[in-house]
Every structure is written in structure tokens, then in C-alpha cells.
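The following note is written for a student who is reading a structure of this kind for the first time. Please keep the sequence and the model in view while working through the points.

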Amino acid sequence: MTEPLNPENLEELMAGYVLGDLSAEEAEEFRQILEKNPQLAEEVSRLQASLDLLPYALPEVTPPPHLRSMILEAANPAINPEPAPKQVSFPWSKLFASLAALLALAFAFDNYRLRQNLKIVQSRLRQELQTVQAQKDALEVLQQRNTRLYTLTGTENANRASGSILVNLDEQKAVIAFQNLPVAPSGQIYRLWAIVDEKKIPCANFGASQGGTVLEQISIPVGACGATTSTLAVTLEPSSLPPQPVGPAVMVESSL
């Protein structure tokens, strides 16, 4: 025989029955109690009615704004799929265009450098050819008869200059071979004079290279410039003036 329940145990079973959290054995026990005590059904109905009204008795609380989106995402991830990783497309066309531009620039610079080097080589070659030709001319003058040799040295205006002049009286030609003669300033030239009886007779005009050399074949009037009584001198003269000896002497014949 089942022992009668005390009031506290009975209230616990009744509350558990209404809330639906009794075990199967406890629920069966409480149903048997209800069959034997029909007056408890009214109390059970009262508790059930109170339980139904409980949600309406709770204070209204506003949910946070993000709660709805969190619930939807948890319920169905497909609604808000995670954004796919952004596909980064490498700008190959721009890279190739930049490389092509750089290569074109490199080739253009290389061609420009080659052209400049070619100009330098051509200039040096022309100078070498001129030197060879002048040496050849000088050798021909030396091999001919009736050739005179004049040796000149620099004055205080060109103290490092020195050289010789070969004059072939038959051919009326001369070869000037000077060294360490400064380049004539702009608007000025070197002029070769024959001094006869203190008169200066113009023989030829010439210039010096950047290296200070003069190797040049010229035509001269041998009447004065090749006379045995004449001496030679070089002055620096204005190129725009007639051949008058107004400039300083830069080289004179060694016997002077």
C-alpha cells in the first residue's frame, strides 16, 4: 500500500505534472493520485491556467538590433553566406606594357650611346687619317730637293710650344708640325709670318687642335716665306682683320 504523500511532496508532483517535467513513474503516480482524489483536478486546472498566463505577466523587453540577424544566420547559413574571397586579378597587361616601355627605352638609350661612341670613334679616325696624311705629306716634302727646315719655339705667350716647318721651294708647299700650342680663342687665328728686313710678310693661317698639335700642309708664297734671308714667326691675330701684324708673337724661329 502506498504511503500518503505529505503536502509538500504533493505540491511538487502537481507542479511537475503541470510543467511536464515528471518522470514516467512520477507521472503515473500522480495520475493515480488524481483518480483517487478528484478534488485535486481543480487545483491542477488552476495551476495550468496560471502557467498559461505567465508569459503575459513578464515585462516587455526590446531585443537588441543584431539579435534577429543572429537568429536568422544560425537558423539558415545559406541566407547570409559568407562573402567569397575577393578574386584579385593581376594586371598582366599593364605589367607587359611597362616592361615593353622599359625595353624600348633601354634600346633607345643603348642606340643613342652607340651613336655617340661611333661619332667619337669616327672623329678620332678622321684625326688619325689627317695625321697620317700630314706625316705622309711631310715625308714627301723631306724627300724632295730644295727643301728648307725651320725650327720654332714658343715665346712667353706660349712657352711650351715648339715645332718645325718644312718648306719646299719648288712645290711652294710647306708642312707645319707644332706641338703644345694652345687652341686659339674664338675669333682669333694663328698666322705665320716671314720677316725680311724687319718687314712681316703673311705666309699662312692655321689653327691648333684641342691637344695642342698642328700638323698641316699649306701653300705658301716662297718668294719671301722661303727666302734664305727671311726668318719665320707666328702671331695670334683677329680672324676678321686683314693680315696685319697686330697680335702678340707666340712662336719665333729659334735663331731669333
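1. Which residue of S6 is the bridge partner of Ala174? The partner is Ile218. Strands S3 and S6, to which this point refers, run antiparallel and are joined by six bridges. Here strands (E, at least two residues) and helices (H or I, at least four residues) are DSSP runs, numbered from the N terminus.

2. On the basis of the model: it is a predicted one, in which local features need pLDDT of at least 70 and side-chain atom pairs count only at pLDDT 80 or more, while totals for chains, interfaces and linings use all residues. Residues are numbered from 1 along each chain as its sequence is written, and side-chain values use heavy atoms, with hydrogens and water left out.

3. On the sheet: eight strands form an open sheet with antiparallel pairing, in the order S5-S4-S7-S8-S1-S2-S3-S6. Two strands are said to pair if DSSP finds at least two bridges between them. Strand S5 (199–206) and strand S6 (214–219) are the edge strands, each pairing on one side only. On average, neighbouring strands of this sheet are turned by 25° against each other, direction ignored; the axes are lines fitted to C-alpha atoms, and angles between N-to-C directions run from 0 to 180 degrees. In general, strands of a sheet pair through backbone hydrogen bonds, either parallel or antiparallel.

4. On Phe178: this residue lies in strand S3 (residues 173–179). Phe178 counts as buried because its relative accessibility is 3%; buried means under 20% relative accessible area, exposed over 50%, and partly exposed in between (1.4 Å probe, protein chains only). Phe178 and Ser162 are 16 residues apart in sequence, yet their C-alpha atoms are 5.7 Å apart in space. Leaving aside neighbours within four places in sequence, Phe178 is in contact (heavy atoms within 4.5 Å) with residues including Ser162, Ile165, Phe206, Val234 and Met251.

5. On helix H2: the buried residues of H2 are Ala27, Phe30, Ile33 and Leu34. Seen down the axis of H2, these fall within an arc of 120°, so they line one face of the helix; the arc is that of the directions from the helix axis to the C-beta atoms. On the other side of H2, Ala24, Glu25, Glu35 and Lys36 are exposed.

6. On the salt bridge: the side chains of Glu28 and Arg31 meet in a salt bridge at 3.0 Å, N to O. The term requires a side-chain nitrogen of Lys or Arg within 4 Å of a carboxyl oxygen of Asp or Glu, and by this rule the count comes to one. Glu28 and Arg31 are separated by about one helical turn, because they are three residues apart in helix H2.
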